[in-house]
Amino acid sequence: MNFILYGQEYPIMKKQLNKLLASRLDSVDELSVFRFDYQNDDINEILNEATSFPFYVARKAVIIDNASFLQKGAKKEVVDNFFNIIKNGVDQIDLYFLLRCDEIDEKNPIFDFIKNNGQIFVALALTPAQWPKYAKKYFMSQNCEIDNDALEELLKRIDNDLSRFINEADKLILYKNHIDIIDVNTMVSPTLEDDVFHIANALLQGENSLALANYRDLRLTSPKDVDRLIPLLASQFRFAEQVLFLSKQGLSKNEIATELNVKPFRVGITLSNKKHLSLKRIYLALDNLFMLDWQIKSGQIDRYYGIELFLINF
């Protein structure tokens, strides 16, 4: 039997592939599973394995990853070779074509044949509405419960990254069979955006020492992220500018959130700092960040030292 698995979410594809292998093979090992990468492996070797009867096992699986010949513009010779194999396939051989994107040519004869004579699985990116249901189901499948607030915080921290979700979820599942918000806060690192939000919020509250402490923690745990700190801080200040402007226009917290397409909680945090804020102060901060960025890129100041000075003198 022949299968196509394609889409943006490789972890879902991999999980489905493993499920299919387990259900169709007596054992999943080097005698029954042969893996190839179309981008790197010799095509003649792939074609040869795809037509060779299995030895020592009743059925074998041949996996062709990065099967770009399923996309538009593929070489006709390559398409014809694989089409002839699946059309005259050996019953004891399962072929799996993996394509790690959603751009597939549905008029490709291989796709058309497998659609009618095999199985096709699509692993597209999860929408915001699908994430909570998928995540909850994932924990349930591992006989683990997770509180709603813990699940919400976990999804916030993985930032729509399915691979990271699976890694973090598996770590939590090994830790306990009932996950609460404390477990997530303890075991799952926040995203860089969360770190920047806390640094900017501390500055806007006049707590420069707290902002500096958060920055030093970030520098220790994720030194590479420091390079992205200046534009993200500037983005936070521009957001504060927008909130202040709309607030002065008489819009409520929820109306501002709708206008800026963000959660009301984030707007509420910014509005709670109004007594420390002014548009003049925000414009000055943006000017200073622009100057600091130029000084760092021109080699006039060390980036770590320059950012510390900015936070201290904010």
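This section describes aromatic pairing and a charged surface patch in a predicted model.

F69 sits in the loop between β3 (60-65) and α3 (76-87), whereas F97 belongs to strand β4 (residues 93-99). The contact therefore ties together parts that are 28 residues apart in sequence. Both F69 and F97 are buried.

A further aromatic pair is formed by Y134 and F165. Its geometry is tilted, with 6.1 Å from centre to centre and 55° between the planes. Y134 is located in helix α5 and F165 in helix α7 (residues 162-175), so the pair ties together parts that are 31 residues apart in sequence. F165 has 0% relative accessibility and therefore counts as buried. Y134 and F165 also belong to a cluster linked by ring pairs. W131, Y138 and F139 are members of that cluster as well.

Helix α5 also contributes to a charged feature. On the surface, K15, K19, K133 and K137 gather in a patch of positive charge. At least two residues of the patch come from α1 (10-24), and at least two come from α5 (131-141). K137 is placed in helix α5. The relative accessibility of K137 is 62%, above the 50% cut-off, so K137 counts as exposed.

Notes. Residues numbered from 1 in each chain as written. Predicted model: local features only at pLDDT ≥ 70, side-chain atom pairs only at ≥ 80, totals over all residues. Heavy atoms only, no water. Patch = residues over 30% accessible without salt bridge, like charges linked within 9 Å, V, L, I, M, F, W, Y side chains within 5 Å. Areas by Shrake-Rupley, 256 points an atom, 1.4 Å probe, with all protein chains shown as cover. Salt bridge = Lys/Arg side-chain N within 4 Å of Asp/Glu carboxyl O. Lys, Arg positive; Asp, Glu negative; His and termini not counted. Charge placed at Lys NZ, Arg CZ, Asp CG, Glu CD. Helix = DSSP H or I, 4+ residues; strand = E, 2+ residues; numbered from the N terminus. Buried < 20%, exposed > 50% of the residue type's maximum accessible area, 1.4 Å probe, protein only. Phe/Tyr/Trp six-rings, centres within 6.5 Å; stacked < 30°, edge-to-face > 60°.
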